[in-house]
Amino acid sequence: MGRLFHKPERFSMYRKSFAKEIDYLGYDSVAIVAIISLFVGAVVTIQTALNLDNPIIPAYYIAIATRESIILEFSPTMISLILAGKVGSNIASTLGTMRVSEQIEALDVMGINSPAYLILPKILASMIFNPILILLSMFLGILGGYIAGDLSGMITPPDYVLGLQLGFRPYYVAYSLSKTVVFAFLITSISAYYGFTVKGGAVEVGAASTKAVVTSSVAVIIANYIITQVVLGN
Amino acid sequence: MIEVRGLEKSFDDNNVLKGVDVVFKKGKTNLIIGRSGSGKTVFLKCLLGLHLADKGSILYDGRDSRLMERKEQGKLRQELGMVFQGGALFDSLTVRENVLFPLQMFADLSQSEIMDRAEFCLSRVKLGDAGERYPAEISGGMKKRVSIARAIVLNPKYLFCDEPNSGLDPMTAVIIDNLLKEITEEFDITTVINTHDMNSVMEIGDHIVLLKDGRKVWEGNRFEILQTEDPNITDFVFTSELFKTIKGVAKAGRK
């Protein structure tokens with residue numbers, strides 16, 4: 001871990017690597033995050049509507065429940081778990097392949113701080129870009145609920161918009177984005193660790209990739225509980 | 001010149017290197033030979049600093065790499081070039097970008113000077129027209145040549161090669177051997193090659209070191225190897241009918 005934070009050999013090369021990682025780990029995840037968020041938002045609205053099918057409960061409660069579910073839990077935690085699968089396996093298998101094909105040793109021989117050059121840009125890219133992905137997910141999840149509510153006739157657009165506005169606490173968004181930064185750090189650092197320390201060949205790279213996804217997913221779930229307890233539990 | 005004194009390295013209870021003393025001279029192709037498991041790769045990795053030796057010293061023109069400060073070690077590394085067994089080219093970069101990489105990371109040159117240097121090295125290994133291709137799109141021999149171009153791009157004083165001919169056909173292997181010898185003489189560098197390819201030994205072995213069970217058991221040059229009756233050499237080198245015949249012819253010539 002200590003080697004991650006040494007002075008870069010040449011800052012411009014690290015900046016270039018960071019931009020590449022934003023592309024690989026960030027932009028490349030936009031499509032999957034968008035599709036999942038849109039449809040899960042729709043499903044959450046429909047299921048909430050079915051459970052709140054009572055004349056005493058105003059329809060806008062459906063939108064409130066959808067909003068809170070998506071902002072507090074679905075977007076930051078579920079999307080982070082999906083990213084743990086996508087990004088985590090990508091990082092572990094890329095670094096693992098570099099290790100077994102001696103590309104990391106080639107960097108070391110050149111005098112390049114290989115953990116810093118290979119891992120630091122990934123961690124920073126994820127910690128910076130994942131909150132943007134989560135914001136996108138929140139927006140699309142809520143939009144998905146709006147469309148599904150309207151199409152199914154379970155909640156009218158004015159009721160949905162009213163529900164979204166009622167009792168809205170911007171603090172929850174900030175809390176969720178903060179969680180996301182912690183999750184991004186956990187996913188990238190755990191996956192990088194498993195990939196970077198691979199020994200062996202193709203089988204070991206596959207095993208490292210699996211371990212990276214499982215461990216980072218469990219870490220996200222545990223961190224989610226701790227953060228929720230500490231921040232919202234008191 | 002690289003001077004190795006009493007080099008020892010163990011992994012748990014396994015003593016891989018048991019006190020190796022050897023001097024690799026400048027401008028010569030120095031070959032380390034030995035059976036699989038004799039400690040060749042560990043020895044090379046100790047020289048490169050990829051493994052930390054337990055005992056002994058490694059002097060690069062009098063500078064002990066094991067006593068160097070971190071900053072000095074970083075500078076020394078820029079004087080080393082390495083050709084890995086599989087090439088170890090960066091998959092995501094083109095051939096030209098692979099060669100440019102050390103320059104962009106370390107050289108204080110203008111962009112045009114950097115490009116010129118990379119083009120010179122690529123054309124030196126006769127790959128001037130392959131710059132835009134990716135490692136996955138080129139042959140094993142070409143990968144080795146790109147790896148050599150990348151290794152010499154920063155004008156190293158010391159060049160290391162781990163099994164540069166493994167997996168290559170005999171003709172390509174000779175091309176790589178000759179290229180390494182030419183580069184060693186042209187740039188006056190100290191080249192250390194790990195190999196068990198006897199053709200390389202006979203073609204380019206200015207100085208040959210035989211390792212056995214983690215110890216140096218013989219050293220000489222490619223002419224001496226044909227004359228010696230040392231059982232370590234005869235058992236290791238002259239096992240095939242072809243090399244027995246070569247040795248016979250060499251002996252007859254001597255008489």
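Reader: How many bridges join β3(B) to β9(B)?

Author: This is a predicted model, in which local features need pLDDT of at least 70, side-chain atom pairs count only at pLDDT 80 or more, and totals for chains, interfaces and linings use all residues. Residues are numbered from 1 along each chain as its sequence is written, while chains are lettered from A and ligands numbered from 1 in the order in which they are written. Strands (E, at least two residues) and helices (H or I, at least four) are DSSP runs numbered from the N terminus, and two strands pair if DSSP finds at least two bridges between them. The strands β3(B) and β9(B) run parallel, and the number of bridges that join them is 4.

Reader: Which residue of β8(B) stands opposite B:N30?

Author: Strand β3(B) is also joined to strand β8 (residues 190-194) of chain B, in parallel, by 4 bridges. Opposite B:N30 stands, in β9(B), B:H207. In β8(B), the residue opposite B:N30 is B:V192.

Reader: How many of the residues of strand β3 of chain B are buried?

Author: A residue is buried if 20 or more other C-beta atoms lie within 10 Å of its own, exposed if 12 or fewer, and partly exposed in between, with C-beta atoms placed from the backbone. B:T29, B:L31 and B:I33 point one way from β3(B), B:N30 and B:I32 point the other way, and all are buried. Strand β3 (residues 29-33) of chain B is thus mostly covered, the buried count being 5 of its 5 residues.

Reader: Which strands stand at the edges of the open sheet of 6 strands in chain B?

Author: The order of this open sheet is β6-β7-β8-β3-β9-β10 (chain B), with mixed pairing. Each edge strand has a single partner strand, so one side of each is left without a neighbour in the sheet; these strands of chain B are β6 and β10 (215-220).

Reader: By what angle are neighbouring strands of this sheet turned against each other on average?

Author: Axes are lines fitted to C-alpha atoms, for helices over the stretch in contact, and angles run from 0 to 180 degrees between N-to-C directions. For neighbouring strands of this sheet, with direction ignored, the average is 20°.

Reader: Which residue of β10(B) is the bridge partner of B:L211?

Author: Strand β9 (residues 207-212) of chain B pairs with β10(B) in the antiparallel sense over 5 bridges. The bridge partner of B:L211 in β10(B) is B:K216.

Reader: At what angle does helix α5 of chain B run to β6(B)?

Author: Two residues are in contact if their C-beta atoms, placed from the backbone, lie within 7 Å. Helix α5 (residues 140-152) of chain B lies across β6 and β7 (158-162) of chain B, and its angle to β6(B) is about 175°.

Reader: Which strands stand at the edges of the open sheet of 4 strands in chain B?

Author: This sheet has the order β2-β1-β4-β5 (chain B), and its pairing is antiparallel. Each edge strand has a single partner strand, so one side of each lacks a neighbour in the sheet; these strands of chain B are β2 (14-24) and β5 (63-64).

Reader: How far apart are the centres of domain 1 and domain 2 of chain B?

Author: Domain bounds come from an automatic or database domain assignment. For chain B the assignment gives domain 1 (1-79 + 157-222) and domain 2 (88-155). Taken over C-alpha atoms, the separation of their centres is 23 Å.

Reader: Which helix gives the largest share of the side of domain 1 of chain B that touches domain 2 of chain B?

Author: The contact takes 11 residues from domain 1 of chain B and 11 residues from domain 2 of chain B. The largest share of the domain 1 side, 6 residues, comes from a helix of chain B, namely α6 (residues 170-187).

Reader: Which element gives the largest share of the side of chain B that touches chain A?

Author: The contact between the chains takes 15 residues from chain B and 13 residues from chain A. The elements of chain B that give two or more residues to its side are α2 (70-77), β6 (80-83) and α3 (95-106). The largest share, 4 residues, comes from α3(B).

Reader: Is B:N155 buried, partly exposed or exposed?

Author: B:N155 is in the loop between α5 and β7 of chain B. Its phi is positive, about 55°, although B:N155 is not a glycine. Because B:N155 has 13 C-beta neighbours inside 10 Å, it counts as partly exposed.
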